[in-house]
Amino acid sequence: MRRYKEMIIVGSIAGVTLLSYFGYAASIKGSDYEVESIRKENADALKKVNIEIENGDIKPTRYNIQLDGQIHSESQNYITGLFNSYAADFPADFYRFLSKEDVFTSEMGSRTYGIEVKASQLNYHSYDRSTQKQFKKTLSHRLTVPDREMADIRVFHQDGMNVYVQRDDHGTKEKSTVLLLNLAKGKVEPLQSEQLKTNQERHYVAVNDYGIVYREIAYDAEGVEKDSAYYLDNGKGIKRIKALDAYAAEGNFNAAENSQSLIAYGASDSEKSKSIKWSTYDFKTNQVKQHKVEGQHAYRFNGSYTMIAQGKLYHIANINDSDFQVTVVDTKNESISYQGIIKDKNAKKNRLVQDVTVSE
Amino acid sequence: MKKFFMLSNEEIKRSFKLYLSILTMLVIVELTSVVYQVLHYQSKLEDLMKKERLTEMEAVDQLNGPLTFGDATNYFKYMIAIGIMFTILYAFQIWYRDWYGESKYIYRLLMLPGKRITILLSKLTTVLVFVCGFMGIQWITILISRRLYEWLLPEHLQAASKIIGESAALNMLYTFNVIDTFVILALALFVITMVFLFVLTERSYQKGKALLTIAKDVALLIVPFIALRYLFDLTSMLIPNQQVFVYLSFILIYFIYISWKCVRLLNHKVSI
């Protein structure tokens with residue numbers, strides 16, 4: 001043993017100190033979640049809701065929680081960091097298409113779109129994560145090829161085989177164009193083209209029999225937002241939808257399934273409340289109706305997550321430093337179809353809901 | 001196995017004092033830097049309060065808030081850089097001292113019975129154990145520094161932060177994930193093996209040919225990487241996750257190649 005004295009000393013220094021580091025790392029406790037359902041109507045539907053929560057801790061971990069109680073956690077490391085988790089959500093050929101330099105990517109609900117504009121054709125690909133269905137179509141068109149650095153193309157509304165696209169050209173003059181991709185006929189039809197004022201931005205929201213709805217934001221010279229509002233352009237005139245002013249700053253909306261109304265949510269509310277609120281704007285009557293349901297617990301507005309999918313409103317919010325209340329609301333009959341608590345047995349703070357997906 | 005342990009011990013013995021001196025120096029400099037940063041912050045605070053007639057809170061505001069642990073360990077990144085530099089220089093020195101030392105130790109090493117790969121493995125193990133020691137001692141220094149920071153600085157002047165603070169260098173080294181530590185050690189192993197290949201190539205060929213061979217081996221790493229990148233960009237034939245898999249496989253194959261070449265040079269080419 002004495003022959004190896006130096007080796008033992010240096011080995012011990014390395015071994016003991018590194019083991020103390022590993023011991024410290026192992027002692028760091030993550031969250032230990034469990035789902036406690038308070039009210040549920042359809043147990044099968046719970047499997048389809050996946051809530052992704054991330055921690056801002058020393059040891060980054062991602063938790064995937066299903067409302068039926070299935071929980072998966074994944075610690076991130078240098079190897080997993082090399083692999084793009086976004087790519088894992090798509091079929092290889094769809095992701096390959098999205099990765100092409102001249103393809104414009106956008107997302108709407110569970111659908112991801114990729115649009116490539118070439119000199120004489122437009123390549124349209126879409127993938128629905130909830131149904132896992134992919135759609136490809138090549139459409140003929142006669143539009144200028146956008147400059148990748150100076151333009152943006154995104155899908156903002158889909159009605160069956162009609163896909164509505166906003167194209168922005170940020171050249172010397174800001175121009176916003178609405179295109180209809182008629183997937184059934186394989187045609188591209190320009191619907192509207194507007195020259196915007198400087199310090200102005202436009203986001204198209206929905207298209208229906210009453211016209212085209214968009215949200216317009218005006219900035220001052222310093223780039224600070226000074227006004228934002230929803231507008232309805234029916235081809236003859238443009239009117240500001242004043243009833244939606246309270247929601248315009250947040251910009252959270254969904255066109256209802258029948259496209260006859262707009263559901264807006266996420267407007268600033270009191271810091272602690274039991275009420276989950278949303279509004280519907282009826283195009284026909286030009287009226288806004290407020291809706292609310294009462295949850296079991298008072299929740300914190302800051303950090304709350306709301307989204308609408310398949311006619312249901314999903315609301316996830318902290319009820320204390322570590323636990324979340326999950327509420328699924330049927331927007332048609334204003335009733336809670338599910339409510340539950342995601343409890344952290346280790347009561348860890350600073351967790352954030354990153355994403356909510358609902359599969360069909 | 002016995003030969004491997006004997007040789008490894010011999011290598012460690014020969015650098016034992018130097019290594020312990022560097023470790024001690026790094027620890028002393030780092031702990032001193034923490035004390036300096038804390039005292040310097042407090043003296044700046046007092047100066048501001050006296051000269052500008054500010055309250056302590058106002059003076060703290062003027063100094064951009066309380067002193068964070070990341071600020072207090074600001075010099076650690078330079079010490080880590082010195083540690084990395086030392087490791088790379090030591091990977092050269094562990095071979096060259098055998099040739100240029102007074103006793104021409106390399107004669108004895110190469111004449112030893114048994115496989116020469118043991119010589120390579122013992123040197124590689126020595127450098128890797130030193131790297132582990134650096135990482136471990138740095139961790140202990142962070143823990144002691146944290147105590148020092150909490151002890152020297154009044155609580156209201158401290159900023160809440162995680163145990164290693166906000167330093168990017170420390171956050172890269174200590175992610176609290178065991179896999180990451182092994183990734184860092186694997187990277188160190190790759191770099192050390194590259195250095196060993198350069199030394200053994202230089203010792204195996206005449207100057208011009210040695211330089212050309214080294215350039216060829218470096219090109220064998222860089223050119224395929226650039227070519228793969230170009231090919232992937234041009235054709236989009238693989239999705240990014242598949243590309244990462246190809247890159248990692250290539251690095252693994254390259255590592256096997258340089259390891260094999262080190263052994264081959266040591267067995268057949270190295271001249272005394």
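Student: How many positive and negative side chains does chain A have, and how far apart do the centres of the two sets lie?

Tutor: First, a caution: this is a predicted model, in which local features need pLDDT of at least 70, side-chain atom pairs count only at pLDDT 80 or more, and totals for chains, interfaces and linings use all residues. Residues are numbered from 1 along each chain as its sequence is written, chains are lettered from A and ligands numbered from 1 in the order in which they are written, and side-chain values use heavy atoms, leaving out hydrogens and water. As for charges, Lys and Arg count as positive and Asp and Glu as negative, while His and the chain ends are not counted; each charge is placed at NZ of Lys, CZ of Arg, CG of Asp or CD of Glu. Chain A has 48 positive and 49 negative side chains, with the two centres 3 Å apart, whereas in chain B the mean positions of 27 positive and 19 negative charges are 19 Å apart.

Student: Which helices and strands are there in each chain?

Tutor: Helices (H or I, at least four residues) and strands (E, at least two) are DSSP runs, numbered from the N terminus. Chain A holds 5 helices and 25 strands, while chain B has 10 helices and 0 strands.

Student: What share of the residues is buried in each chain?

Tutor: A residue is buried when its relative accessible area is under 20%, exposed when over 50% and partly exposed in between, using a 1.4 Å probe and protein chains only. Buried residues make up 45% of the 360 in chain A and 47% of the 272 in chain B.
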